[in-house]
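Dear colleague,

My notes on what was found in it follow.

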Amino acid sequence: MWMFEIPPFVPFFIGAVVILFTRGILRSAIMIAIPVVGAIHLWMVPDGLSFQLSFLDYQLMPYRVDKLSLMFGYVFHIAAFIAIVYSLHIRDTMQQVAAMLYAGSALGAVFAGDLLTLFVFWELLAFTSVFLIWARRTERSYAAGMRYLIIQVLSGVILLAGALFYGAENGSLEFGKIGLEGMAGWLIFIAFGIKCAFPILHNWLTDAYPEATVTGTVFLSAFTTKVAVYALARGYPGTELLVYIGAAMTCFPIFFAVIENDLRRVLAYSLINQVGFMVVGIGIGTALAINGAIAHAFNDVIFKGLLFMSMGAVLHMTGRINGSDLGGLYKTMPKTTVLCIVGAASISAFPLFSGFVSKSMVMSAALENGFDWIWLMLLFASAGVFHHAGIKIPYFAFFAHDSGIRASDPPANMLIAMLIAACLCIGIGVYPSVLYALLPYDTGYNPYDATHVLAQTQLLFFSALAFVWLNLKGMYPPELRSVVLDADWLYRRMFPTVFQNLFSVIHKADNGLRRAFLVRLEKRLDNLAVRHERLSGLLSRNHPVGSMVMWVAVILATYLFLSFFR
Amino acid sequence: MNNKKINDDKKYLFDNPQNIKRVLYALYGCCLILFGLDFVINRHIYHSWENIWGFYPIYGFVGCVVLVLVATWMRHFLMRPEDYYDSEEEKDKLKTGGHDVDV
């Protein structure tokens, strides 16, 4: 049917144009309708559909459907729907149009069948999402958005270079398994790695997301990193290097999250930690591990969205987001509190919540394939994520000391969006088979056996006990107004300082050299002038009559001499 | 924005220290029961470390304490004033009391 041939990004791009010319309720209705219609359409699209065209010498495949891309397609529609409901109260055309285009670009990227199409949507993701950061309209958000855009575009340029190498090496641009062989493999790997927030390349995320608008962050948290996870799952399954990179990603952000004051930045760090679990799963590469990675990406979009929404609600209602300024909000924001706790329980992977049914797959796969130390790191990261995202976020925002702020629950649309996400978190946690049926492989995995449930519950409860003990002993680090240095210090402070100093040294040296040269030159010229300025010298202005007579005599003598040769 | 600071006299759930104690006792109780279940439930062992008595509870507790202590220690050399990265104009704005948080 012709209808199936419409790629899923098209409704979002058309929608973006339409909402540009509509206002009020009509615009809201169109914005809600697009993900709903898109999802119904996607539900009917058959697995294995593709669409090809020729461009220059290459066969391109701008639209390709398989189980892997469908999975991300579904969750992107859910995420777009929830985020749109959450942002219905906004009256900001720039943000709304950017959000639509951004969601569409993410869909375009996961259904791209060749590297050139992927590159186009890869760059579109960057250019559309940066407006969600700039829409905050503060000096900080402008600067953070600029840094974000430069890094994202850099990732795209590296991807393009990699794609061209890949085309030259293989004679085809089809996006399938790439692997780390050759120049192309490494370039594309680095491009994916930047968007996936690999360690040291991760700071665009923790820098920009907390500076975006309340609603913008909810969109941002869903798409960019998950597109990168999708791309890694397609291009690099079973690449062992990813296991170690992923394990590092699960562990290092939790230390920063514990001492970070901005609660949305805490969530940004925990986003890297969760993506780390997915990267480990892709690196292991068995059917169970890949399933786990994809299922976790699916769940993470929803529960991380829920957490960002609840912190967004706090920021929206109180105007504050630093842990040091908040506290005691459960008194007047009870609904937000409960919904936030559902998100916190999901990300901590409590049994009966969505995180549990997917994270345990990656952990089991790590153990089954002999990655013992990696498994221990993941276990530590699981305890850690409960510590900072599961306890710290709700505790410092809604409980802890009473800040005296008495803000009410947010507007109904925000609450409804959070409620939908919370229901999905619990629904998937209780009926994981619904999620498992959509996964690319059938592994017959069951998360709810006594071993898993007991182990996970013990781990979590004793982590909570550690939190209580540290707090009662006064050893828990208090929330302080501060900036915590991370790798972004390199390009925000060190490089500018080094280059400034370097240039000022070069400038000084250059100035000195020029001056020294000029002084010498002047001296030489003076010297020359003095030497030749005397009477009848080379540069003299006055010549005595005698020397003229002498020269006339010389000329005449020359004539005489020449005349002998006639 | 409706963040009014008011000294309301209304008593909320956790204004009563007794309720905080109840929550804590419930947590201690759960921990005790979970620890006890280790002896009752026969779990599949995938790895020899899991045979260690109380492996998961101890790992969770020790892991979190180490996490927090290391993070606190990291503050000594990673923490900077809040306006560390701000431009000079932005610093002045903060000094005059302007808050950069908006909707």
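Helices (H or I, at least four residues) and strands (E, at least two) are taken as DSSP runs, numbered from the N terminus. On that basis, A:D486 of chain A sits in the loop between β3 (483–484) and α19 (488–533). Please note that this is a predicted model, in which local features need pLDDT of at least 70, side-chain atom pairs count only at pLDDT 80 or more, and totals for chains, interfaces and linings use all residues. Residues are numbered from 1 along each chain as its sequence is written, while chains are lettered from A and ligands numbered from 1 in the order in which they are written.

Selected residues of chain A

A residue is called buried if 20 or more other C-beta atoms lie within 10 Å of its own, exposed if 12 or fewer, and partly exposed in between, with C-beta atoms placed from the backbone. A:D486 counts as buried because it has 20 C-beta neighbours inside 10 Å. Two residues are in contact if their C-beta atoms, placed from the backbone, lie within 7 Å. Not counting residues up to four places away in sequence, A:D486 touches A:N203, A:T206 and A:F256. A:F256 is 230 residues from A:D486 in sequence, yet their C-alpha atoms are 8.3 Å apart in space.

A:A99 belongs to helix α4 (residues 93–110) of chain A. With 32 other C-beta atoms within 10 Å, A:A99 is buried. Its contacts, leaving aside neighbours within four places in sequence, are A:L132 and A:F219. From A:A99 to A:F12 the separation is 87 residues in sequence and 9.4 Å in space, C-alpha to C-alpha.

A:L263 lies in helix α11 (residues 263–284) of chain A and is likewise buried, with 29 other C-beta atoms within 10 Å. Beyond its neighbours within four places in sequence, A:L263 is in contact with A:M311, A:I321, A:G323, A:I393, A:F396 and A:A397.

The nonpolar core

A nonpolar core is a set of buried Ala, Val, Leu, Ile, Met, Phe, Trp, Tyr and Cys residues joined through C-beta atoms within 7 Å. The largest such core has 205 residues, and those with the most contacts inside it are A:A103, A:L232, A:L306, A:L307, A:L378 and A:I393. Helix α12 (residues 287–318) of chain A supplies the largest share of this core, 20 residues. Leaving aside neighbours within four places in sequence, A:L307 is in contact with A:L267, A:C340, A:G343, A:A344, A:I347, A:A389 and A:I393.

Helix packing in chain A

Axes are lines fitted to C-alpha atoms, for helices over the stretch in contact, and angles run from 0 to 180 degrees between N-to-C directions. The axes of helix α6 (residues 139–170) and helix α7 (residues 182–195) of chain A come within 8 Å and cross at roughly 155°. The two helices are therefore roughly antiparallel; angles under 35 degrees count as roughly parallel, over 145 as roughly antiparallel, 65 to 115 as roughly perpendicular and the rest as oblique. By class, their contact has 15 nonpolar, three polar and two charged residues. Here Ala, Val, Leu, Ile, Met, Phe, Trp, Tyr, Cys and Pro count as nonpolar, Asp, Glu, Lys and Arg as charged, and the others, Gly among them, as polar.

Helix α3 (residues 67–86) and helix α16 (residues 412–430) of chain A have axes that come within 7 Å and cross at roughly 155°. This pair is therefore also roughly antiparallel. A:I82, A:V85 and A:Y86 in α3(A) meet A:N413, A:M414, A:I416, A:A417, A:I420 and A:A421 in α16(A). That contact divides into eight nonpolar residues, one polar and no charged.

Two positive phi angles

Most residues other than glycine have a negative phi. A:R137, however, has a positive phi of about 60°, and lies in the loop between α5 (115–134) and α6 of chain A. A:R137 is exposed, with 11 other C-beta atoms within 10 Å. A:A197 has a positive phi of about 65° and is found in the loop between α7 and α8 (203–208) of chain A. A:A197 is buried, with 25 other C-beta atoms within 10 Å.

Chain B comprises three helices and one strand, running α-α-β-α from the N terminus. Of its 103 residues, 11% count as buried. The contact between the chains takes 49 residues from chain B and 54 residues from chain A. On the side of chain B that touches chain A, α2(B) gives the most, with 16 residues. The residues of that side divide into 30 nonpolar, nine polar and ten charged.

Yours sincerely
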